[in-house]
Amino acid sequence: MEMPHTRSNRRQFVKLSALAAGAVMLPSRAMAQAPAAFSLPALPYAFNALEPHIDARTMEIHHGKHHAAYVAGLNAALEKAPELKGKSLEEIFAGINVADEYITAVADESVRTALRNHGGGHWNHTFFWNTLAPAGKSGAPSPELLKAIDASFGSMDDFKKAFNETATKRFGSGWAWLISAKGKLRIISTANQDNPLMKGIVPDADLGTPLLGLDVWEHAYYLHYQNRRADYINAWWRVINWAEVSRKFAAL
Ligand code: MN3
């Protein structure tokens, strides 16, 4: 004997199948009018996985509120810029403020600003989560990456010292980055949600491929560390996903 909810599920299934079939038959022009929406990626580990270095509550708010708000802001901006349909965030950043690029088709400056702030926020946080790992799985840089770090900064200790200084000195909200540019590793920092992919916004000398990034906005550490940014930075070194950073380096 069939239960009522089973019948209703089946009816629902038939309805969804009809919708799916309808979607396939939509003319491609109609499909092209809606820019693809970005979505909040799930964290690759539990909220408490980075404790005691980064606490669960901070991770929960940082991911579920802050990052989610960037995704919503980005999607709202893209609704006003259908000409960017199908563009990746990297492509958008490469032309966000460059006069002869397609993004100037987005005449509304407030939309460009939203793409910069919320698009940057979404990209930066996705990158950040993926370059973190529980302390027990943090690992070490690959021999190749270590060699490049030694060649660029003298030693791993010198690299850490220089990175810490850049991250500590970033005034207000922003990020510290390890980038690869023109075959060399460099440490740079950006304000707000800007990143080293943003041509025309970040100085040319600071453009490059990010390998490592540290969020030094207060929302990243204030609950647990309050004003002690240096303590947060020191703790962050314990939860870097070196396998992922090494993979990014190998892919250059
Ligand atoms: Mn953040």
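This briefing walks through the fold of one protein, from the overall layout to single residues.

The model is predicted. The protein has 10 helices and 3 strands. Along the sequence, the elements run α-α-α-α-α-α-α-β-β-β-α-α-α. Of the 252 residues, 42% are buried.

**Overall picture**

- Take the contacts in the protein with a separation of 6 or more: 68% of them join residues 24 or more positions apart.
- The protein exposes about 13,400 Å². Carbon and sulfur atoms supply 56% of that area.

**The sheet**

- The 3 strands form an open sheet in the order β2-β1-β3, and the pairing is antiparallel.
- β2 and β3 are the edge strands; each has a single partner strand, so one side of each has no neighbour in the sheet.
- From one strand to the next, the twist averages 20 degrees.
- Strands of a sheet pair through backbone hydrogen bonds, in parallel or antiparallel fashion.
- β1 and β3 run antiparallel and are joined by 6 bridges.
- Trp175 stands opposite Asp215 in β3. Ser180 has Thr209 of β3 as its bridge partner.
- α10 packs on the sheet, where it touches β2 and β3. The direction of α10 makes about 150 degrees with that of β3.
- β3 itself is mostly covered, with 6 of its 7 residues buried.

**Helix α7**

- Helix α7 covers residues 156-169, which is 14 residues.
- Which residues of α7 are buried? They are Met156, Phe159, Phe163, Asn164 and Ala167.
- These residues cover an arc of only 130 degrees around the axis, so they sit on the same side of α7.
- The other side of α7 has the exposed residues Asp157, Lys161 and Lys169.

**Helix α6**

- Leu145, Ala148, Ile149 and Phe153 are the buried residues of α6.
- Viewed down the axis of α6, they fall within an arc of 105 degrees, so they line one face of the helix.
- Pro143, Glu144, Lys147 and Ala151 are exposed, on the face of α6 turned away from its buried side.
- What do the buried residues of α6 pack against? Their partners are α7, β1, β2 and α10.
- Gly154 follows α6 and has a positive phi, near 105 degrees.

**A buried loop residue: Ile240**

- Ile240 belongs to the loop between α9 and α10.
- Is Ile240 buried or exposed? Its relative accessibility is 0%, so Ile240 counts as buried. The cut-off for buried is under 20%.
- Leaving aside residues up to four places away in sequence, Ile240 touches Thr131, Ala133, Ser138, Leu212 and Val245.
- Ala140 is 100 residues from Ile240 along the chain, yet their C-alpha atoms are separated by 8.7 Å.

**Backbone details in the loops**

- The peptide bond from Glu51 to Pro52 is cis, and its omega is near 5 degrees. Pro52 lies in the loop between α2 (28-32) and α3 (56-79).
- Asn192 has a positive phi, near 50 degrees, and is a residue other than glycine. Asn192 is found in the loop between β2 and β3. With a relative accessible area of 39%, Asn192 is partly exposed.
- Gln226 is not a glycine either, but has a positive phi of about 50 degrees. Gln226 sits in the loop between α8 (222-225) and α9. Its relative accessibility is 30%, so Gln226 counts as partly exposed.

How values were computed: Residues are numbered from 1 along each chain as its sequence is written. This is a predicted model: local features need pLDDT of at least 70, side-chain atom pairs count only at pLDDT 80 or more; totals for chains, interfaces and linings use all residues. Side-chain values use heavy atoms; hydrogens and water are left out. Helices (H or I, at least four residues) and strands (E, at least two) are DSSP runs, numbered from the N terminus. Buried means under 20% relative accessible area, exposed over 50%, partly exposed in between (1.4 Å probe, protein chains only). Contact means heavy atoms within 4.5 Å. Accessible areas come from the Shrake-Rupley method with a 1.4 Å probe; for residues, only the protein chains shown count as cover. The expected span of a helix is 1.5 Å times one less than its number of residues. The arc is that of the directions from the helix axis to the C-beta atoms. Two strands pair if DSSP finds at least two bridges between them. Axes are lines fitted to C-alpha atoms, for helices over the stretch in contact, and angles run from 0 to 180 degrees between N-to-C directions.
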